Every structure is written in C-alpha cells, then in structure tokens.
Amino acid sequence: MNTELLTTVLRIVISTALFFVWVVRYDNIITEFRKDYNYPDWLRDLTGIAKLSCAVMLLSTNPELNEMGLKGIITLMFFAILTHIKVKSAFRKAIPSITLLSLCLALLYFG
C-alpha cells in the first residue's frame, strides 16, 4: 500500500470515528461528560465543536488544514486519555481515545 493511499484511509477512518461518536452516539457523550467526568455542558460542547472541526480539516485537500486538524485531534485525544486517568475509568473505556491517538500519530509519521 502506498503512503498516499494509507494517509487517505487513515484520515477517513479518524474523521468517521469522530463523527460517529460525536453525532450518532451523542447521547452517550452527554452521559459521560455529566456523570462520569463531572464536566460542564459548555466544555462538552466546546470539545465536540473542536473535534468535529478538526475532523473536517483532516478531510480537506489543503495540507495546512490537514496538519492543523491532525494536531488538534492529537491534543484532544491526549486530554481525553488524561481525563480517563483522572476519573480512574476502566481501561476498556480509554481504548477508543488511545486508538485514535495512535492512528493520528501514525498519520503524522506517514503524512
């Protein structure tokens, strides 16, 4: 598999995963932010806007927007993992954040 195809597939997978979690499974996000993390609604909304914006940037044909979106997702996933550590989540609950961070780091390396 050539590098260009790999980076395109990674961008699509990452963006689709973020869209699925923050749009399709939004009810789950509301529960996690309120009950599990005890974070305010405004932080949840800001996080969602940031993640979805970064996902769209990742799909752009503009390389600068791609990089900005990628670095934004890396930052957000880092803080998601820190949140799981802070609230002592079961490891299985942190797996999606760890996976997305790993995919983003792979994209950063190959892209």
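This is a predicted model, so please keep that in mind throughout. I'll start with helix α3. The residues buried in α3 are Arg 44, Thr 47, Gly 48, Lys 51, Cys 54, Ala 55, Met 57 and Leu 58. What lies over the buried residues of α3? The cover includes α1 (3-24), α2 (26-36), α4 (63-86) and α5 (91-110).

A check on the length of α3, residues 41-58: at 1.5 Å a residue, its 18 residues should span 26 Å, and the C-alpha atoms at its ends are 26 Å apart, so the two agree.

The largest pocket has a volume of about 690 Å³. It is lined by 31 residues, and those closest to its centre are Trp 22, Glu 32, Lys 51, Ala 80 and Ser 97. Each of α1, α2, α3, α4 and α5 gives at least two residues to that lining. By type, the lining splits into 19 nonpolar, 7 polar and 5 charged residues.

Last, the rings. There are 6 aromatic pairs in the structure. One of them is Phe 33 with Tyr 37, edge-to-face, at 5.6 Å centre to centre and 75 degrees between the planes. Phe 33 is buried, at 9% relative accessible area, and Tyr 37 counts as buried at 10%. Tyr 37 also pairs with Tyr 39: the ring centres are 5.9 Å apart and the planes at 45 degrees, so that pair is tilted. Ring pairs join Trp 22, Phe 33, Tyr 37 and Tyr 39 into a cluster.

Definitions and conventions. Residues numbered from 1 in each chain as written. Predicted model: local features only at pLDDT ≥ 70, side-chain atom pairs only at ≥ 80, totals over all residues. Heavy atoms only, no water. Helix = DSSP H or I, 4+ residues; strand = E, 2+ residues; numbered from the N terminus. Expected span 1.5 Å × (residues − 1). Buried < 20%, exposed > 50% of the residue type's maximum accessible area, 1.4 Å probe, protein only. Contact = heavy atoms within 4.5 Å. 1 Å grid on protein atoms, 1.4 Å probe; cavity = no way out; pocket = protein on both sides within 12 Å on 5 of 7 lines; lining within 4 Å. Points joined across faces, edges and corners; volume = space filled by probe spheres on them. Nonpolar A, V, L, I, M, F, W, Y, C, P; charged D, E, K, R; others polar. Phe/Tyr/Trp six-rings, centres within 6.5 Å; stacked < 30°, edge-to-face > 60°.
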